[in-house]
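The sequence and the structure are shown first.

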Amino acid sequence: DWSANGYRLPTEAEWEYACRAGTVSAFNTGAAISDNTGWCLINRINSNFITHEGGKKSANAWGLYDMHGNVFEWVWDWFESNYSPGTSDPRGPASGSSRVSRGGGIFSPDYDLRSAARTIYSPGVSGEDLGFRLAASGSGGSK
């Protein structure tokens, strides 16, 4: 319920805005991901292919941890192929067959961890590297 007070999944646009933390590069750390940015295939020797407790890698410029890697994060939006983050607070289509996740997971190559990368799953899918992050919601939208 978009109008309810409390918590909800962020929209794709909100998630990407938070991930980028004011940057316009592929990753919030620049053009390439580093070993200290997120858990993924590039640091598989150190990751043991398991998800990790949050906050073990460096935070982005806004203090948010694990925006790149560790687990894919569900977002509010149903998948649409022509998604554009430039729209003011888009919520995506009202229905669909696949939901979007963002951020990449422990088994992901670095290109899946880019700030703009999108992955789709059926709503009933679960997995060891699929999770979520919450956004605060108030009457009429985001806080």
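## Basis of the report

This is a predicted model, in which local features need pLDDT of at least 70 and side-chain atom pairs count only at pLDDT 80 or more, while totals for chains, interfaces and linings use all residues. Residues are numbered from 1 along each chain as its sequence is written, and side-chain values use heavy atoms, with hydrogens and water left out.

## Overall layout

The protein has two helices and seven strands, where helices (H or I, at least four residues) and strands (E, at least two) are DSSP runs numbered from the N terminus. Along the sequence, their order is β-α-α-β-β-β-β-β-β.

Of the 143 residues, 41% count as buried; buried means under 20% relative accessible area, exposed over 50%, and partly exposed in between (1.4 Å probe, protein chains only). The accessible surface comes to about 7400 Å², with 52% of it belonging to carbon and sulfur atoms. Such areas come from the Shrake-Rupley method with a 1.4 Å probe, and for residues only the protein chains shown count as cover. Among contacts (heavy atoms within 4.5 Å) between residues at least 6 apart in sequence, 68% join residues at least 24 apart.

Helix α1 spans residues 12-20, and because eight of its nine residues are buried, the helix is largely enclosed by the rest of the structure. Trp 15 and Arg 20 are among the buried residues. Ala 21 follows α1 and has a positive phi, near 50 degrees.

The largest nonpolar core consists of six residues: Trp 15, Ala 18, Cys 19, Met 67, Val 75 and Val 100. Helix α1 gives the most to this core, with three residues. A nonpolar core is a set of buried Ala, Val, Leu, Ile, Met, Phe, Trp, Tyr and Cys residues joined through side-chain atoms within 4.5 Å. Leaving aside residues up to four places away in sequence, Ala 18 touches Asn 60, Trp 62, Leu 64 and Met 67.

## Asp 77

Asp 77 lies in strand β2, residues 72-78. Asp 77 is buried yet has no salt bridge, and Arg 118, the nearest side chain of opposite charge, is 6.8 Å away. A salt bridge is a side-chain nitrogen of Lys or Arg within 4 Å of a carboxyl oxygen of Asp or Glu; Lys and Arg count as positive and Asp and Glu as negative, with His and the chain ends not counted. Beyond four places in sequence, the residues that Asp 77 touches include Glu 12, Arg 99 and Val 100.

## A surface patch

Tyr 7, Phe 132 and Leu 134 form a nonpolar patch on the surface, with about 400 Å² of accessible area together. Patches are made of residues with over 30% relative accessible area and no salt bridge, like charges being joined within 9 Å and nonpolar side chains (Val, Leu, Ile, Met, Phe, Trp, Tyr) within 5 Å. Leu 134 is found in the loop between β5 (130-132) and β6 (135-138).
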